[in-house]
Amino acid sequence: MAGTTRAVLIAVGVLALAIGSFYNFGGRQSRQLAPAPSEDLPPLTRAELKGLFDYLDSQPCAHDLRAATRYLKDHNLPVDKTLAWLQENGAGCDCEVILNTDGVWGEWAGRKHISED
């Protein structure tokens with residue numbers, strides 16, 4: 001029984017570290033390293049991706065990608081490719097674009113993140 005408890009505690013600790021690297025705790029966003037250039041790049045330019053992140057940062061989330069889709073269509077950007085890329089990078093809805101995708105790709109796109117000084 002003690003071995004099971006220890007395994008569960010280790011698993012919970014690993015999960016907490018993984019979640020902590022993506023989510024904003026205490027009003028301070030985690031600082032992420034920019035992705036390596038060899039990783040699957042977004043189908044948008046840096047400026048286009050920054051514009052999408054900036055827009056979504058000010059929008060309420062309807063628990064879908066409605067605002068992202070609207071922004072992409074309004075700016076004549078590739079909708080299907082971009083939505084697929086966002087989903088592959090942890091975004092199932094508009095707020096997850098900011099919480100997950102921006103946390104990793106925001107710096108690459110030119111967004112400033114709060115440092116943990």
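**Order of elements.** I read the elements from the N terminus on as α-α-α-α-α. I recorded five helices and zero strands for the chain; helices are DSSP runs of H or I with at least four residues, strands are runs of E with at least two, and both are numbered from the N terminus.

**Basis.** I note that the model is predicted, that local features need pLDDT of at least 70 and side-chain atom pairs pLDDT 80 or more, while totals for chains, interfaces and linings use all residues. Residues are numbered from 1 along each chain as its sequence is written, and side-chain values use heavy atoms, with hydrogens and water left out.

**Whole chain.** I looked up burial and found that 33% of the 117 residues are buried (under 20% relative accessible area; exposed is over 50%, partly exposed in between; 1.4 Å probe, protein chains only). The accessible surface comes to about 7,300 Å², and carbon and sulfur atoms hold 59% of that area (Shrake-Rupley method, 1.4 Å probe). Of the contacts with a separation of 6 or more, 65% join residues 24 or more positions apart; a contact means heavy atoms within 4.5 Å.

**Core.** I then examined the largest nonpolar core, which has 21 residues (buried Ala, Val, Leu, Ile, Met, Phe, Trp, Tyr and Cys joined through side-chain atoms within 4.5 Å). Helices α2, α3, α4 and α5 each supply at least two of its residues, and the largest share, five residues, comes from α5. Leu 49 and Leu 52 have the most contacts inside the core. Beyond its neighbours within four places in sequence, Leu 49 touches Pro 42, Leu 44, Trp 85, Trp 105, Trp 108 and Ala 109.

**Helix α4.** In α4 (residues 79–88) I listed Val 79, Thr 82, Leu 83, Trp 85 and Leu 86 as buried. These buried residues fall within an arc of 160° seen down the axis, so they line one face of the helix; the arc is taken from the directions from the helix axis to the C-beta atoms. They pack against α2 (46–57), α3 (66–74) and α5. The face turned away from them carries the exposed residues Asp 80, Lys 81 and Glu 88. Gly 90 follows α4 and has a positive phi, near 90°.

**Thr 101.** I located Thr 101 in helix α5 (residues 94–109). Thr 101 counts as buried because its relative accessibility is 0%. Its contacts outside four places in sequence include Trp 85, Leu 86 and Gly 90.
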